[in-house]
Amino acid sequence: MNALGLNEFNILKTETNDYDYLFTVEKAESPTICPKCGHMNIENKPFWKHNTKERTLSDISMHGKRVKLLLRHVRYKCQVCEYTFYELLDSVDTNDKITKRLYLHIQQQALKKPFTTIADEFGISNMTVRRAFDDFVKDSEKHRVLKAPRVIGIDEAHLNKVMRGVITDIDNRRILEILPTNLKRDVKACIKSMEGYKDIEVATMDMATGYRYAMQELVPNALCIIDKFHVIQLVTRALDSVRINFKNSITKQQKKLLLNDRWLLLSNQEDLSDKDIVKRDAIFKIHPELLLPYHLKEGLRVVYRASDRKDAYERYYEWEKAIPDDLTAFKGVADTINGCKTEVFNYFLTETKYTNAYTESINNIIKKIEKSGVGYSFEVLRAKVLYGTTATKKPEFGENLRIQLLTPRFLIKWLIENQHLIEHNDDEKKLLEGQYVDVTELMNIINKGIF
Ligand SMILES: [Zn+2]
């Protein structure tokens, strides 16, 4: 194996500076067969060298330096049919300006890093990075068929200035799809497109009526649960609005005594340290107006500690009774809950307590990706989130050291095995597998030392 690891080439010259390597290369062997007439390049009528063209190709970096290949690409002429042709290359697609292995590398990198960073890193154009990325997404989408999860999460996230529906597999904590909008129409179409959607058993969601109706229309028997996370968020926001209104009504001097009030009041009671509790109670001593709103927030959390639905309802009615008429923010919370009480209390019907809290971390991932690439379209962001968040974790060093043998088909197989792609059915799986490079077989060949 030569220094490049591209055995089809002979390295004629190696030049380097602090940033770059330039390898002048030529094809190690001349072509054996005329692509037009099939004449074999045998001694009696060998191909003529017609001319040589210099091509600059970008390759993966080496020792932290950018790598370019200056290929002396020979054009041959067949003596039998007079056809002229360039030597076919194994490691570069016809007319491409980058090696195949760089192309694959970019596809993986483009899921994680901004396109401009990658372009810079390898000294290639943004367009090339974008093309590789688009090809990857197109290929992934082609092999991607959504299988309906047993427990579906319907949620939303702010992406590229618009609220998008986010469909998750709650059992397996995976993002399944990000929709162009959070409208019922899109949510419904997505669920309907899933294989086996009629078998969905549980759906968790927020209070938005559209999600509920979408599920009820498509899978009437599924248990709809309004997520605990959203209910608690509602009451926490109510407390916060009371706190803010109160703060606006007091003097600057009084405000000074309200240090860290937001955190002290909105945090879960059990998460406060003894010191924090002293500080919190000091606030209540000066401003007893905040005590009841605080207990209402904690009180709704107590409802969720109920042992069963009956117990939960009883706790809830007690809670509702405790809201004074003038605490409109909390009255509003009760109204909202009462408007979807069945779904809120369905939470207590399942043994496993399903929650969408995972969406929070999804939101963080989305924010991070969005920040890294200002100006990306929704399609690019969606692909980066769907394919880039779990699909491309770097293995520990030494794991799979034969990584250079990865092929796109291998990649597909890997993605399916790791459930980043879902095979459609057994037939399609077989079809895909038929195209795979068999890894075990590959390893056997390697071990026999044929390579
Ligand atoms: Zn020929």
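Reader: Which residues of H3 are buried?

Author: Buried means under 20% relative accessible area, exposed over 50%, partly exposed in between (1.4 Å probe, protein chains only). In H3, the buried residues are Thr128, Val129, Ala132, Phe133, Phe136, Val137 and Ser140. This is a predicted model: local features need pLDDT of at least 70, side-chain atom pairs 80 or more, while totals for chains, interfaces and linings use all residues. Numbering runs from 1 along each chain as its sequence is written, and side-chain values use heavy atoms, without hydrogens or water.

Reader: Where do the buried residues of H12 fall, seen down its axis?

Author: Helices are DSSP runs (H or I, at least four residues), as are strands (E, at least two), numbered from the N terminus. H12 covers residues 328–339. Phe330, Val333, Ala334 and Ile337 are buried there. They fall within an arc of 95°, so they line one face of H12. Thr328, Asp335 and Gly339 are exposed on the other side of H12. The arc uses directions from helix axis to C-beta atoms.

Reader: Which residues coordinate the zinc ion?

Author: Donors are N, O or S atoms within 2.8 Å of the metal (3.2 Å for Na, K and Ca). Here the SG atoms of Cys34, Cys37, Cys78 and Cys81 coordinate the zinc ion, at 2.3 to 2.4 Å. The spacing in sequence is C-x2-C-x40-C-x2-C. Cys37, in the loop between strands S2 and S3, and Cys78, in the loop between S4 and S5, are 41 residues apart and link distant parts of the chain.

Reader: Why is the zinc arrangement tetrahedral?

Author: Four donors count as tetrahedral if all angles lie between 85 and 135 degrees. The 4 donor atoms here subtend 106 to 112°, so the arrangement is tetrahedral.

Reader: Is Cys78 buried or exposed?

Author: Cys78 is buried, at 0% relative accessibility. Cys37 is partly exposed, at 38%.

Conventions: Four donors count as tetrahedral if all angles lie between 85 and 135 degrees; four count as square planar and six as octahedral if opposite donors are over 155 degrees apart and all others between 65 and 115; anything else is irregular. The expected span of a helix is 1.5 Å times one less than its number of residues.
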